Amino acid sequence: MNRKELFRSLKFLLFSVSAGIIQLGGFALLNELLHLDYWLSYLVALVASVLWNFTFNRRYTFRSTENVGRAMLLVFGYYCVFTPVSTGLEHLLAGNLGWNEYLVTAMNMVLNFVTEFLFQRFVVYRKSLDTNELAEGE
């Protein structure tokens, strides 16, 4: 892996961590302070996290001019696959096989990080890497 791709991976990691913090904070706010239903708190926090991550990674990590609607639709498609697969994995490992729930959740978070990076890098932004004004300024 060359330096540019290593730096791109590190930026993706940092934005993903920040998105995780937003998701946890948003969930806590909605669930604990506003006492919304669990599923609604989770869904709103997840959507906020994904939008944050998408926006910053598009601009700063992949530095892309890719059409926002097209890119967002592709990421939505990724989550339409990843969400049921990861939910099934959680149910199988934690629910049926008795694995520790936090371990399984951590495994799913790592799986999400790796697969989403690869999907965005090689599918969503494959043809438009480093095409925005930030990349052109270098």
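A residue is buried when its relative accessible area is under 20%, exposed when that area is over 50%, and partly exposed in between. The exercises below use a predicted model.

**Exercise 1. Decide whether Leu129 is buried or exposed, and describe its surroundings.**

Step 1. Locate the residue: Leu129 sits in the loop that connects α4 with α5 (133-136).

Step 2. Apply the cut-off. Leu129 has a relative accessibility of 17%, so it counts as buried.

Step 3. List the contacts, leaving out residues up to four places away in sequence. Leu129 then touches Arg8, Phe62, Arg63 and Arg121.

Step 4. Check one of these contacts along the chain. Phe62 is 67 residues from Leu129 in sequence, and their C-alpha atoms are 5.4 Å apart.

**Exercise 2. Describe which residues of α4 are buried and which helices they pack against.**

Step 1. Start at the N-terminal end of α4, which is capped by Asn100. A side-chain oxygen of Asn100 lies 2.8 Å from the backbone nitrogen of Tyr102.

Step 2. Collect the buried positions of α4: Val104, Asn108, Asn112, Glu116, Phe117, Gln120, Arg121 and Val124.

Step 3. Find their partners. The buried residues of α4 pack against α1, α2 and α3.

**Exercise 3. Classify the ring pairs Phe12–Phe117 and Phe56–Tyr60.**

Step 1. A pair of aromatic rings is described by the distance of the centres and the angle of the planes.

Step 2. Recall the cut-offs: planes under 30 degrees apart count as stacked, and over 60 as edge-to-face.

Step 3. Consider the whole structure, in which a search finds 15 aromatic pairs. One of them joins Phe12 and Phe117, with 5.2 Å centre to centre and 70° between the planes, an edge-to-face arrangement.

Step 4. Phe12 belongs to helix α1 and Phe117 to helix α4, 105 residues apart, which links distant parts of the chain. Phe12 and Phe117 are both buried.

Step 5. Turn to the other pair. The ring centres of Phe56 and Tyr60 are 6.0 Å apart and their planes meet at 20°, so this pair is stacked.

Step 6. Phe56 and Tyr60 are both in helix α2, four residues apart, or about one turn of the helix. Phe56 is partly exposed because its relative accessibility is 25%, and Tyr60 is partly exposed at 33%.

Step 7. Look for linked pairs. Phe12, Phe62, Phe113, Phe117 and Tyr125 are joined by ring pairs into a cluster.

**Exercise 4. Characterise the largest pocket by volume, lining and residue class.**

Step 1. The volume of the largest pocket is about 1100 Å³.

Step 2. Its lining holds 31 residues, and those nearest the centre are Gln23, Tyr42, Leu46, Thr105 and Met109.

Step 3. Assign the lining to elements. At least two residues come from each of α1 (3-33), α2 (38-61), α3 (68-96) and α4 (101-124), and α1 gives the most, with ten.

Step 4. Sort by class: 17 lining residues are nonpolar, eleven polar and three charged.

**Exercise 5. Repeat the analysis for the second largest pocket.**

Step 1. The second largest pocket has about 300 Å³ of volume.

Step 2. Its lining includes Leu46, Val50, Phe54, Phe76 and Thr83.

Step 3. The elements that supply two or more residues to this lining are α2 and α3.

Step 4. By class, eleven lining residues are nonpolar, one is polar and none is charged.

Methods:
Residues numbered from 1 in each chain as written. Predicted model: local features only at pLDDT ≥ 70, side-chain atom pairs only at ≥ 80, totals over all residues. Heavy atoms only, no water. 1 Å grid on protein atoms, 1.4 Å probe; cavity = no way out; pocket = protein on both sides within 12 Å on 5 of 7 lines; lining within 4 Å. Points joined across faces, edges and corners; volume = space filled by probe spheres on them. Nonpolar A, V, L, I, M, F, W, Y, C, P; charged D, E, K, R; others polar. Buried < 20%, exposed > 50% of the residue type's maximum accessible area, 1.4 Å probe, protein only. Contact = heavy atoms within 4.5 Å. Polar contact = N/O pair within 3.5 Å; in protein donor to acceptor, adjacent residues only side chain to side chain. Phe/Tyr/Trp six-rings, centres within 6.5 Å; stacked < 30°, edge-to-face > 60°.
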